[in-house]
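Here are my notes for a colleague who is opening this model for the first time. Please read them with the structure in view, point by point.

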Amino acid sequence: MNRPTIKHGTSRRFGTPALLTLATLLAVAAPAPDADAKRARPAATTEATAPREAGEPIMAIVSIKGQRVTLYDSEGWIYRAPVSTGTTGRETPAGVFAVVEKDKDHRSTMYDDAWMPNMQRITWNGVALHGGPLPGYPASHGCVRMPYEFAEKLFDKTRIGMRVIVSPEDVEPADISHPVLFSPSAEALAAAPTRAETAVREAEQAAQAADEAKTAAAAAARAVKPLKDSLRKLERAKARAEAALKAADKVLVAAATDEAKAKAEERQQQAAQQLGEATTQLETAKADADAKHAAAAATKEAAKATAAKKAETAKLATDAKLAQEPVSIYISRATQKLYVRRNTRKPLPDGGELFDFSIEVPVTILDPERPIGTHIFTAMARNDAGLRWSAVTIESADNAKSALDRVTIPPEVLERIGPTALPRSSIIISDEPLSAETNYRTEFVAVLSDQPQGGFITRKPTSSDVPVASSDDWNDGGFGFFFQPREQRVPAQSGRGRYGEGYYRQPQDYYRQEQPGWW
């Protein structure tokens, strides 16, 4: 298939007559661009590549105002290209996202099987970066269209989890340092691989021991189960023997002749012997049952203890494995909570990869009633101090440094994730709650509520009743323990937004109870 390549409205490999004919047809068939879009048309952006060797992209910043995307590695910008974001009524939402799925040859399930090549999804309800036609103004249904060849080049250079920032204005990263930003320990980083190997091995051993104990407990329970019926039978046999002895006693008392007395005495002796045997059998069975019940109780307790150790070692192993992944923190002024995400790298059958969200705790924000803005802090690379950080502000109630000054990260969180923080780690501080599109297959999705979101709210929300994981077994990749079915969220009431009719706030409330017992 010959793929069209469009750079600022130009076409490739067409002769002059064909080009004129195509232009005429398009002019007749295509609807006139929205007047607002025409007035807001930005200065043309050309594709550009930095004059140096490019590293792996760490973040992409889409400027809605500038209609361009810029990608950054650890040293600065590396690629830039024009884009077409959502048109009026279907605006691309401004906010904080990450790549959650990639599809080389994607076909839309919403728009008549439309071809969206080199698709990089940023929300599961359908917002993505992909190749598409660029008319020079916002024209998509909410996605970010990029030049075809640029999207193809970019596709092979990114990874799941790459930060995508959609900003209403033109912004770029700025270097920043602050005590709140993680400064990892060289010793902890060096020890992390060995710690993970040891923890995984111990978790596997604990899982095997727990399985064996569970099998033994089940066998003991099966052995005890028939004892109740056996004891009842023996008790009935003893009762019959006692009744027979009483009957023999009466016969002996009533015997009138020597011959009758002799027969009655013989009958009495037999009944007494049978009662003795029945009593002995019952007492022996009771003693055996008591021993088996004690053994079953002991194996049950042993199974509980090994199961608890399996769970504990699974937690430790998961933490040790995740310590080798970049960590992302989201601090919401709206919910007064701190959320942590780390990618387990475990592929999911319904697409994407599984993200750990086992840490969710209250957070202290100075002057919590005062807006703080939305700021994205990213660890770009290692340096002598530990990590070199950048800041991007897309909503500036406070500046980036002031936002950090107002936040106190709980020491238990810092202790757990700070010593092994890696490049690509991030801290996001925002007035906004997490979007309802944040789930087990995403890092964070946060949308600016005072910006138009037509391309977001017109899409079907991601289902909220899907299971977070199918198993709690260590053998299930070692990450199943942390993931439980999501609680039902209570969405905010949508209504008329500050931008007038047709602009509504996307329900963003993310009410999931804290997972207890971590600290």
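1. Ile 427 is found in strand 20, which spans residues 426-430, where helices (H or I, at least four residues) and strands (E, at least two) are DSSP runs numbered from the N terminus. With a relative accessibility of 0%, Ile 427 counts as buried, a word that stands for under 20% relative accessible area, while exposed stands for over 50% and partly exposed for the range in between (1.4 Å probe, protein chains only). Between Ile 427 and Ile 329, which are 98 residues apart along the chain, the C-alpha atoms are separated by 4.7 Å.

2. This is a predicted model, in which local features need pLDDT of at least 70 and side-chain atom pairs count only at pLDDT 80 or more, whereas totals for chains, interfaces and linings use all residues. Residues are numbered from 1 along each chain as its sequence is written, and side-chain values use heavy atoms, with hydrogens and water left out.

3. For the protein as a whole, the secondary structure comes to nine helices and 21 strands, and buried residues make up 47% of the 519 residues. Of the contacts with a separation of 6 or more, 71% are between residues 24 or more positions apart. The protein exposes about 25,500 Å², of which carbon and sulfur atoms supply 53%; such areas come from the Shrake-Rupley method with a 1.4 Å probe, and for residues only the protein chains shown count as cover.

4. Val 144, in strand 9 (residues 144-146), counts as buried because its relative accessibility is 0%. Leaving aside neighbours within four places in sequence, Val 144 has contacts that include Val 62, Val 83, Thr 92, Ala 128 and His 130. Its C-alpha atom is separated by 9.3 Å from that of Arg 68, 76 residues away along the chain.

5. Is Glu 369 buried or exposed? Glu 369 is exposed, because its relative accessible area is 71%, and it is found in the loop between strand 16 (364-365) and strand 17 (374-383).

6. The structure holds 22 salt bridges, each being a side-chain nitrogen of Lys or Arg within 4 Å of a carboxyl oxygen of Asp or Glu. One of them joins Glu 101 to Arg 121, with the closest N and O atoms 2.8 Å apart. Glu 101 lies in strand 6 (residues 101-107) and Arg 121 in strand 7 (residues 115-121), so this pair ties together parts that are 20 residues apart in sequence. Arg 121 is buried, with a relative accessible area of 13%.

7. Asp 319 forms a salt bridge with Arg 342, the closest N and O atoms being 3.3 Å apart. Since Asp 319 lies in helix 6 (residues 258-322) and Arg 342 in strand 13 (residues 337-347), the pair ties together parts that are 23 residues apart in sequence. Both Asp 319 and Arg 342 are buried.

8. On the surface, Lys 228, Arg 232, Lys 233, Arg 236 and Arg 240 gather in a patch of positive charge. Patches are made of residues with over 30% relative accessible area and no salt bridge, like charges being joined within 9 Å and nonpolar side chains (Val, Leu, Ile, Met, Phe, Trp, Tyr) within 5 Å. Arg 232 lies in helix 5 (residues 227-254) and, at 40% relative accessibility, counts as partly exposed.

How values were computed
Contact means heavy atoms within 4.5 Å. Lys and Arg count as positive and Asp and Glu as negative; His and the chain ends are not counted. The place of a charge is taken as NZ of Lys, CZ of Arg, CG of Asp or CD of Glu.
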